[in-house]
Amino acid sequence: MHHFDDIYPFSAIVGQELMKKALLLNAINPRIGGVLIRGEKGTAKSTAARALAHLLPEREVVDGCIFGCNPADPKNLCDDCQNRIGRLLTTQTRMRVVELPISATEDKVVGSLDLEYALQKGEKKFEPGVLAKANRNILYVDEVNLLNDHIVDVLLDAAAMGVNIIEREGVSYEHPSSFILIGTMNPEEGDLRPQLLDRFGLSVEIQGIADADTRVEVIRRRRAYELKPHEFIAAFRDEEDDLRNRIIRAQELLSSVTISDEMVHMIAQICMDMAVDGHRADIIMMKTAKTIAAFNGRIEVTEDDVREAAELVLSHRMRSQPLSDQQMDKDKIEESIQKSQQQHQQPEQQEEQTEQDQKPQENTTPDGSTTTQFAEGSPFKVNQKPLSQPRRIDSFKRDGSGRRSVTESRDGKYVRSRIPDRLTADIALDATIRAAAPHQKGRVGDLAVKIETSDLREKVRERKMGNTVLFVVDASGSMGAQQRMTAVKGAILSLLIDAYQKRDRVGLVVFRGNSAEVLLPPTSSVELARKCMQNLPVGGKTPLASGLSKGLEVLQREKMINAHTIPRLILISDGKANVSMGSGAPLEDATEMAAAIRDFGISSIVIDTEQSYIAFGLAHKISDDMGAKYLKLEELQADTIAEAVKGIGA
Amino acid sequence: MHHFDDIYPFSAIVGQEQMKKALLLNAINPRIGGVLIKGEKGTAKSTAARALAHLLPEREVVDECIFGCDPKDPKGLCLDCQKKGELKTKITRMRVVELPISATEDKVVGSLDIEHALKKGEKKFEPGILAQAHRNILYVDEVNLLNDHIVDVLLDAAAMGMNFIEREGVSYVHPASFILIGTMNPEEGELRPQLLDRFGLCVDIEGIMDADTRVEVIRRRQQYEEHPEEFLQRWIEPEQELRDRIVRAQKLLPTVSISDEMLHVIAQICIDMGVDGHRADITMMKTASTIAAYQGRTEVVEEDVREAASLVLAHRMRRRPFSEQRMDVQKVDQSIQKTQTGHSHQHSHSHTHSH
């Protein structure tokens with residue numbers, strides 16, 4: 001694409017070696033299957049992905065074929081090329097980066113009826129979409145985790161088969177669509193569905209550079225680039241050429257790279273020990289190791305190649321536990337390597353229970369009070385019942401997976417169109433015109449396109465639906481007693497995992513001392529919620545009313561922004577309010593707020609953290625006032641254990 | 001735009017110096033990447049953002065190009081301009097394009113031109129707000145109330161300065177590089193961190209606590225509302241002075257140099273503050289250079305970096321529970337001192353880069 005001529009050169013990117021390596025390996029060997037770049041903001045993720053376009057190698061394609069069919073692969077030719085088999089002209093073109101914007105609608109992704117052709121000729125013809133352009137190229141999705149669920153489904157379909165099958169708007173068509181998927185994402189913005197995650201051959205996690213001199217170099221190069229882009233690019237031309245030549249040499253070498261039985265065993269052992277799903281990891285690791293060898297100018301895969309490949313292949317395949325901070329464990333890979341070297345066939349017991357530091361840390365806050373940090377209690381599976389009792393089921397429809405749903409109102413994101421079953425104001429004009437186009441010859445009227453009622457199509461919109469779960473957490477001094485907070489953190493973490501699986505939005509309000517604070521406004525990033533919770537200080541008085549009031553305020557605002565959300569409030573407290581909001585008594589204030597929450601129609605749960613042997617039952621009272629479901633902290637866990645015993649666990 | 005003609009003049013806004021500075025710096029150097037103005041109700045946030053339109057400098061654009069392409073940047077031209085042989089150019093002022101929070105996605109990214117399709121039976125791309133915003137200011141009032149999927153689209157375009165359209169029957173790509181200016185009242189909800197990071201600078205403002213100054217605010221407002229024409233007349237000169245100063249700073253900017261020592265100070269501040277990624281460093285460098293140019297200097301001094309730090313870091317600090325999200329000025333000073341002692345050890349002489 002012309003616009004990329006001016007792009008920051010790949011070889012000028014400072015540091016981030018792993019990311020650059022992963023991209024280069026894909027340029028050498030497209031069969032590795034793409035790369036997912038995960039990392040914090042401002043770490044050259046997008047810059048690198050787009051800069052790769054310049055380094056991509058040339059390959060042979062059928063001349064004039066929109067899909068860029070491979071003449072050497074007669075089985076995977078498009079219909080057009082198949083008809084012309086034996087008479088195919090070929091040409092060399094460079095692989096390109098095809099961009100899939102997150103605002104894309106379905107018709108442009110899979111392809112649709114060619115509107116102009118239909119209007120002019122009155123005949124149906126297929127107009128290729130992004131999936132057609134992506135064939136044998138790189139399909140690049142910036143902020144891939146923000147992609148619409150429906151579009152993700154379409155992508156996965158094509159990626160799985162290497163073919164895009166279209167049955168829509170009266171067009172039936174099928175064409176090859178095999179592409180390298182490159183995506184970037186900031187995990188803070190929400191996670192990726194596991195099936196999509198698995199489609200990426202490699203994944204790298206990147207972060208900002210911590211070394212001052214290197215950071216200065218980053219600033220300096222950016223400055224030079226912006227002041228004089230052409231000179232800057234010219235200065236890196238030699239390095240870019242070297243890199244491109246190295247890719248070409250590696251490609252030539254790749255077919256002669258061999259891998260010993262020993263190394264293949266090592267790969268299998270690593271994958272077994274890491275307990276990855278299926279066999280895709282093994283196969284990709286083998287391909288990656290071979291490509292690394294070729295990149296290093298060798299024709300034999302070494303242990304180091306396997307080690308490097310393992311890191312790239314496994315990091316996104318091991319996150320079986322959502323929210324587990326489990327970085328890929330290099331030590332564990334080392335162990336597997338040694339194991340396979342020693343030809344140990346007996347599986348070893350794995351007893352390295354990491355000792356969690358349970359000792360709380362004491363800190364003094366600016367306001368003089370002492371706060372204490374407690375460790376996270378270990379998560380458990382949450383009893384599903386308390387969380388899944390929507391009060392007014394009639395107002396919404398929620399699909400089982402709890403992801404985004406189709407909405408009836410006009411404020412969602414337009415993803416596709418359909419024939420309306422009754423009169424609609426939300427007409428999808430593009431689809432309507434496409435529907436009318438083939439019939440123009442027989443119709444009369446003033447406009448170039450004559451539209452009849454039967455042509456009308458309406459927009460199908462998607463938007464995020466589901467719960468907004470707001471945790472209102474008591475962080476007063478009384479919560480510090482007897483490791484109470486540790487258990488509470490365990491409980492919140494468990495509920496967060498539950499929310500994650502349902503794709504709920506979560507928020508966190510904490511109250512202690514004299515006020516309540518929104519630690520985390522409702523977000524779809526459960527990971528962010530967890531980070532917030534880790535640094536939760538405890539200490540001071542209990543302004544329960546302020547906490548409830550803040551909670552109500554946040555949920556009311558959520559409801560205003562997104563009318564379809566189902567607000568839920570989870571209060572975790574012992575109910576021992578001792579700070580009032582205004583002049584009233586602390587408990588009365590809290591009771592009043594509790595009633596206001598009930599009146600707003602928020603379904604809530606109260607998790608009582610009070611120790612049973614000195615029970616005041618205050619939380620129970622608040623719970624009644626809120627019309628909430630009441631649970632004791634212990635019950636939250638006990639129920640689940642009981643359920644697990646019965647074998648019903650979620 | 002006609003309704004900006006009788007807008008309250010920028011130079012007549014009382015106080016709020018940091019906000020005005022942040023806006024002016026963006027007018028001088030669009031690459032700073034915009035500003036987020038956070039503050040309570042009634043603190044002249046929107047007034048200032050809209051008033052900036054009058055001070056914006058003129059620049060050369062391709063005549064009759066909806067995107068206002070830059071004729072001097074042949075590679076950044078839109079598809080239409082690329083096809084044109086010789087480009088006719090004209091001088092226009094940068095403008096403020098508003099993105100209403102009720103905007104729908106098709107209006108923002110652009111869509112199929114329905115009228116053209118119906119009348120002519122041809123497909124044509126109808127540009128959206130992102131197209132108008134190219135090389136201009138994109139202004140979002142109450143940016144924290146923007147719909148999630150509109151934010152996604154904004155992020156996508158802001159990331160690379162391009163808008164890719166694959167929707168409603170049209171495929172199109174056009175340049176969309178804009179200065180993002182947003183205002184928000186934090187009481188109404190927070191902004192997603194990813195979008196937060198896209199704003200180059202951020203200022204927190206609050207009502208003025210000095211009685212005399214408050215009186216002055218009321219007095220000017222009254223004069224403006226009673227006799228707008230007279231009032232505007234009175235501020236023509238200060239406005240012109242400010243505009244001249246911006247133009248002078250713009251001319252000076254390419255000659256401003258920044259020493260290695262100052263770059264190290266910037267990097268050290270960002271490391272100590274624990275910001276994500278490298279965007280803060282780069283923005284701080286640009287901001288410090290622009291401040292120097294605004295002050296009529298060609299060399300970035302420590303004071304420029306300090307001022308830039310307070311504008312760049314406020315919204316990029318990692319959030320700690322129950323702590324004010326204020327940037328800690330003392331901590332910045334510590335970082336500066338640290339590099340100074342460290343620097344004199346490492347480098348016996350400091351060399352400067354000038355461009």
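Two residues are taken to be in contact when their C-beta atoms, placed from the backbone, lie within 7 Å. With that in hand, welcome to a few close-up views of this predicted model.

**View 1. Val35(B) and the residues it touches.** Val35(B) belongs to the largest nonpolar core, which holds 213 residues. Leu52(A), Leu139(A), Leu52(B) and Ile266(B) join Val35(B) as the residues with the most contacts inside that core. Helix α13(B) is the element that gives the most to this core, with nine residues. A second, separate core has 57 residues, among them Leu544(A), Val554(A), Ile597(A) and Ile605(A).

**View 2. An open, parallel sheet in chain B.** Follow the five strands across the sheet and you meet them in the order β4-β7-β10-β1-β11, with parallel pairing. The edges belong to β4 (96-98) and β11 (201-205) of chain B; each has a single partner strand, so one side of each is left without a neighbour in the sheet. On average, neighbouring strands here are turned by 20° against each other, direction ignored. Helix α1 (residues 17-28) of chain B packs on the sheet and touches β1 (35-39), β10 and β11 of chain B. The direction of α1 makes about 160° with that of β11(B).

**View 3. Strand β10(B), enclosed on both faces.** Six of the six residues of β10(B) are buried, so this strand is largely enclosed by the rest of the structure. On one side sit Ile179(B), Ile181(B) and Thr183(B), and on the other Leu180(B), Gly182(B) and Met184(B), all of them buried. Four bridges tie β10 (residues 179-184) to β7 (residues 137-140) of chain B, and the two run parallel. In that pairing, Ile137(B) has Ile179(B) as its bridge partner, while Leu138(B) has Leu180(B). Strand β1(B) also pairs with β10(B) in the parallel sense, again over four bridges. Lys38(B) stands opposite Met184(B) of β10(B).

**View 4. Helix α9 of chain A and its cover.** This helix (residues 212-227) has 16 residues and spans 23 Å from its first C-alpha to its last, close to the 22 Å expected at 1.5 Å a residue. Its buried residues are Ala212(A), Arg215(A), Val216(A), Val218(A), Ile219(A), Arg222(A) and Tyr225(A). Look for the cover over these residues in both chains: it includes α10 (229-235) of chain A together with α12 (260-273) and α13 (279-294) of chain B. Of the contacts in chain A with a separation of 6 or more, 77% come from residues 24 or more positions apart.

**View 5. Where chain B meets chain A.** The contact takes 59 residues from chain B and 63 residues from chain A. On the side of chain B, the elements giving two or more residues are α4 (105-109), α5 (114-120), α7 (148-160), β8 (162-167), α8 (193-198), α12 and α13. Of these, α7(B) gives the most, with eight residues. By class, this side of chain B has 24 nonpolar, 13 polar and 22 charged residues.

How values were computed:
Residues numbered from 1 in each chain as written. Chains lettered and ligands numbered in written order. Predicted model: local features only at pLDDT ≥ 70, side-chain atom pairs only at ≥ 80, totals over all residues. Pairing = 2+ DSSP bridges. Axes fitted to C-alpha atoms, helices over the stretch in contact; angles between N-to-C directions. Buried ≥ 20, exposed ≤ 12 C-beta atoms within 10 Å, placed from the backbone. Expected span 1.5 Å × (residues − 1). Core = buried A, V, L, I, M, F, W, Y, C linked by C-beta atoms within 7 Å. Nonpolar A, V, L, I, M, F, W, Y, C, P; charged D, E, K, R; others polar.
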